[in-house]
Amino acid sequence: QVQLVESGGGLVQPGGSLRLSCAASESIFSIYDMEWYRQAPGKQRELVATVTSGGTTNYADSVKGRFAISRDNAKNTVYLQMNSLKPEDTADYYCRALRRGLSYWGKGTLVTVSS
């Protein structure tokens with residue numbers, strides 16, 4: 001299977017910024033649609049952002065204007081730049097790779113937004 005490893009999580013103050021990275025083991029990374037999800041304790045996992053293999057991006061309403069997803073196919077890596085962070089953004093953040101009927105998940109990285 002494709003292996004995904006997230007990094008960049010941590011503690012940040014409200015209004016601060018953080019950049020998450022997701023590195024993939026797959027050499028044909030460029031053909032996958034890539035997504036970031038998040039899951040707060042006791043809540044359902046939700047889709048945060050998507051970047052397709054063609055470069056099209058989409059965001060959840062709650063993060064529009066604050067988060068930006070991007071990918072570097074040469075490095076087999078997808079990023080999530082998070083600005084103007086709010087306490088409500090606190091969650092485990094997961095990277096997902098999707099191609100046709102197959103999907104792969106990373107193990108997550110914790111983001112805590114607190115003063």
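User: What is the angle about the S-S bond in the link of C22 and C95, and is the link left-handed or right-handed?
Analyst: This is a predicted model. The angle about the S-S bond is -85 degrees, and the link of C22 and C95 is left-handed.

User: Why is the pair of C22 and C95 called a disulfide?
Analyst: The cut-off is a pair of cysteine sulfur atoms within 2.5 Å. The sulfur atoms of C22 and C95 are 2.1 Å apart, so they meet it. The structure holds one disulfide.

User: What makes this a link between distant parts of the chain?
Analyst: C22 is in strand β3, residues 18-24. C95 is in strand β9, residues 91-99.

User: How do you know whether C22 and C95 are buried or exposed?
Analyst: Buried means under 20% relative accessible area. C22 has 0% relative accessibility, so C22 counts as buried. C95 also has 0%, and therefore C95 is buried.

User: Which residues does N76 contact, leaving aside its neighbours within four places in sequence?
Analyst: N76 is in contact with C22, A23, A24, E26, S27 and F29. N76 itself is in the loop between β7 (67-72) and β8 (77-82).

User: Why does N76, at 16% relative accessibility, get its label?
Analyst: The limit for buried is under 20%. N76 is at 16%, so N76 counts as buried.

User: What about Q3: is Q3 buried or exposed, and why?
Analyst: Exposed means over 50%. Q3 has 56% relative accessibility, so Q3 counts as exposed. Q3 lies in the segment before β1 (4-7). Beyond residues up to four places away in sequence, Q3 touches A23, A24 and S25.

User: What makes the pair of Y32 and Y104 stacked, tilted or edge-to-face?
Analyst: The structure holds two aromatic pairs. In one of them, the ring centres of Y32 and Y104 are 6.3 Å apart. Pairing asks for centres within 6.5 Å, and planes over 60 degrees apart count as edge-to-face. The planes here are at 75 degrees, so the pair is edge-to-face. Y32 is in the loop between β3 and β4 (33-39), Y104 in strand β10 (residues 102-105), 72 residues apart.

User: Where does R45 lie relative to Y94, and where is its charged end relative to W105?
Analyst: R45 lies over the face of Y94, 3.8 Å from the ring centre. The charged end of R45 also sits over the ring of W105, 4.7 Å from its centre. The distance limit is within 6 Å.

Note on methods:
Residues numbered from 1 in each chain as written. Predicted model: local features only at pLDDT ≥ 70, side-chain atom pairs only at ≥ 80, totals over all residues. Heavy atoms only, no water. Helix = DSSP H or I, 4+ residues; strand = E, 2+ residues; numbered from the N terminus. Buried < 20%, exposed > 50% of the residue type's maximum accessible area, 1.4 Å probe, protein only. Contact = heavy atoms within 4.5 Å. Phe/Tyr/Trp six-rings, centres within 6.5 Å; stacked < 30°, edge-to-face > 60°. Lys NZ or Arg CZ within 6 Å of the ring centre and 35° of its normal.
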